[in-house]
Amino acid sequence: RSPTASEAVAAAARRTRAFAPLAEKTPPARMVGGLGWCTWDAFYSSVDAEKVDDGLGTLSRAGVRVRRLVLDDGWAALDKDTDEDLNLSGEIIKGEESGAAAAAIYGDESTPLVRLQRAFADRVGRAYATHVECAAPSSWGVRLWRLLSQTVLRKPLTHFFDESTDFTKALAWPPAPHARKFGGEAGFATFVKDVVREKHGVDHVACWHAAAGYWGGVDSPDAERLRAAATPSLRAVEPAIDWDPATLGGVRTPTSEQGVADVYEALYDVLERCGVDGVKADVQSGVGALGARHGGGPRSVGMFVDAMEAAAAGRFDEGEGVGVTNCMCHSTENLYRYSTSALIRASDDFYPREPESWLWHLTACAYNGLLLGQVALPDWDMFQSRHPAAWLHAAARAASGGPVTVSDKPGAHDPAVLRALALPDGTTLIPTAQARVAADCLFADVSSDGTTALKLAAPNGPDGAVLGMYNVQGSGWSRAERRFAFGPNCTVSASFKPRDATVAWGADVRGKYA
């Protein structure tokens, strides 16, 4: 008999002594059960207390109670705020949209200099869209752009990131909630207690942060500016990492174990004092690229993950699992470091404005979970209840075995979808463990073979299962063009036989259906 994935990961854990498999950990129940609302796709980083209050209120009036709140990017004080009228951090900016981006940066003035700047930005953007954005990593366009981005275009690109995105900003020191948006620490603590928990009945509150503090790091006294250095393999998959903000402008971070631990202790201290009982720790794979001159990626990741788990264990562990959701962390140097945290985002973001990604998102979550689910419980990310793909994503989240979270804008809800997911008190009826890809489609291409449905089976009690079948044909990720892409869509015929669902159960039950 060949070893199972569970046995293989358990063997790796024993050999490395660097992490623990999910079988030896407990996912945080308060971060899994109950309907959740995440503020990201509702507000991006322009979130504030009034908007959160409004969103929780409209969800309640739609007929459901939110049990979990995830305050995403935007709650924390930064070293420098981005002008919200110019902030494009939540947008998917493509090369052909550079004219609008240039207008946002340079304004509408018609002086000769401004006209020249805008014309230059527009021409550069069009060249990027035509020759770089979807070109092969070894193409002349990518090689030339890499050279230009490190030389003559470095300053204008850095200026764009500084003026129109959050990606070069750093967490203020000492860490604190944003004064204008949430009233600083005192105002935020009152808001969490009186508005979120008492007024709206939310049980669990988590706050987002990047692994290095914020996208551009942390403004702590001992922070150094490190520039990301990608491995050759990563550059081959995503050459744009050579001209992203972390490479061009760098990330400010301590480089010692104690310095990194001090950042996490200070950040989690203020959150605990404010009544927050969990975190969404994002951009984790990015800290590996900061280790090039400081012992390598695995050492860098180890410092950050160890500090994160240690700080969380003392503040966000109520005897039911450490309150951390690990995000953007699929590199093995991250996966093979989680000793206590047991919840993990299963995929890239859900992109509500990219139709090409909607079907592929489910495919990625299902198949990524084959490995990720041996280390932590997969979280299939949020979605929106009033959306063209809402019912498909709702059905997948309900059967995934992980958290069920929406990211609706205030008032933009489909009550039928919400009530199908949760009881009026916000309780979600989810399987007792994670969903797994059914045996008969494990090695099929459910996204493009024209015949196979994605089928999932999740255990529900000792000998029951929640089954799901989804037509995800016609959507995928193009490695050649590095973007989501439509493919041929078709109707598929599918059925579930007992033996197809045996992946959901232990060997003692599985034998009945062999």
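1. Basis of the note. The structure is a predicted model, in which local features need pLDDT of at least 70 and side-chain atom pairs count only at pLDDT 80 or more, while totals for chains, interfaces and linings use all residues. Residues are numbered from 1 along each chain as its sequence is written, and side-chain values use heavy atoms, with hydrogens and water left out.

2. Helices α3 and α9. Two packed helices are described by the angle between their axes and the distance between the axes. Helix α3 covers residues 49–61 and helix α9 covers residues 184–199; they pack at an angle of about 10°, with axes 10 Å apart. This makes α3 roughly parallel to α9. Angles under 35 degrees count as roughly parallel, over 145 as roughly antiparallel, 65 to 115 as roughly perpendicular and the rest as oblique. The axes are lines fitted to C-alpha atoms, for helices over the stretch in contact, and the angles run from 0 to 180 degrees between N-to-C directions. Helices (H or I, at least four residues) and strands (E, at least two) are DSSP runs, numbered from the N terminus.

3. Residues between α3 and α9. On the α3 side the contact is made by Ala49, Val52, Asp53 and Leu56, and on the α9 side by Phe191, Val195, Val196 and Lys199. Contact here means heavy atoms within 4.5 Å. By class, the residues of this contact of α3 with α9 are 6 nonpolar, no polar and 2 charged. Ala, Val, Leu, Ile, Met, Phe, Trp, Tyr, Cys and Pro count as nonpolar, Asp, Glu, Lys and Arg as charged, and the others, Gly among them, as polar.

4. Helices α15 and α16. Helix α15 (residues 355–372) packs with helix α16 (residues 390–400) at an angle of about 10°, and their axes are 11 Å apart. The two helices α15 and α16 are therefore roughly parallel to each other. Trp358, Leu359, His361 and Leu362 of α15 meet Leu392, His393, Ala396 and Arg397 of α16 in the contact. The residues of the contact of α15 with α16 divide into 5 nonpolar, 2 polar and 1 charged.

5. Cysteines. A disulfide is a covalent bond between the sulfur atoms of two cysteines. The search of the whole structure finds 0 disulfides, where a disulfide is taken as a pair of cysteine sulfur atoms within 2.5 Å. Cys207 is in no disulfide, and the nearest cysteine sulfur, that of Cys274, is 8.1 Å away. Cys207 is buried, at a relative accessible area of 0%. Cys441 is in no disulfide either; its nearest cysteine sulfur belongs to Cys490 and is 14 Å away. Cys441 counts as buried at 1% relative accessibility. Buried means under 20% relative accessible area, exposed over 50%, and partly exposed in between (1.4 Å probe, protein chains only).

6. Thr168. This residue is in the loop between α7 (154–164) and α8 (179–182). Thr168 counts as buried, at 18% relative accessibility. The side chains of Thr168 and Asp162 are joined by a polar contact of 2.7 Å. A polar contact is a pair of N or O atoms within 3.5 Å; within protein, one must be able to donate a hydrogen and the other to accept it, and residues adjacent in sequence count only if both atoms are side-chain atoms. Not counting residues up to four places away in sequence, Thr168 touches Phe161, Asp162, Gly216, Pro245 and Arg252.

7. Thr405. Strand β10 (residues 404–406) holds Thr405, which counts as buried at 7% relative accessibility. The Thr405 side chain makes a polar contact of 2.9 Å with the side chain of Arg68. Leaving aside neighbours within four places in sequence, the contacts of Thr405 include Trp37, Arg68 and Asp381.

8. Backbone details. Most residues other than glycine have a negative phi, and most peptide bonds are trans. The peptide bond from Trp173 to Pro174 is cis, with omega near -5°, and Pro174 is in the loop between α7 and α8. Val283 has a positive phi, near 55°. Val283 is in the loop between β6 (278–282) and α13 (297–313) and is partly exposed, with a relative accessible area of 25%. Arg482 has a positive phi near 55° and is found in the loop between β14 (475–478) and β15 (483–486). Arg482 is buried, with a relative accessible area of 9%.
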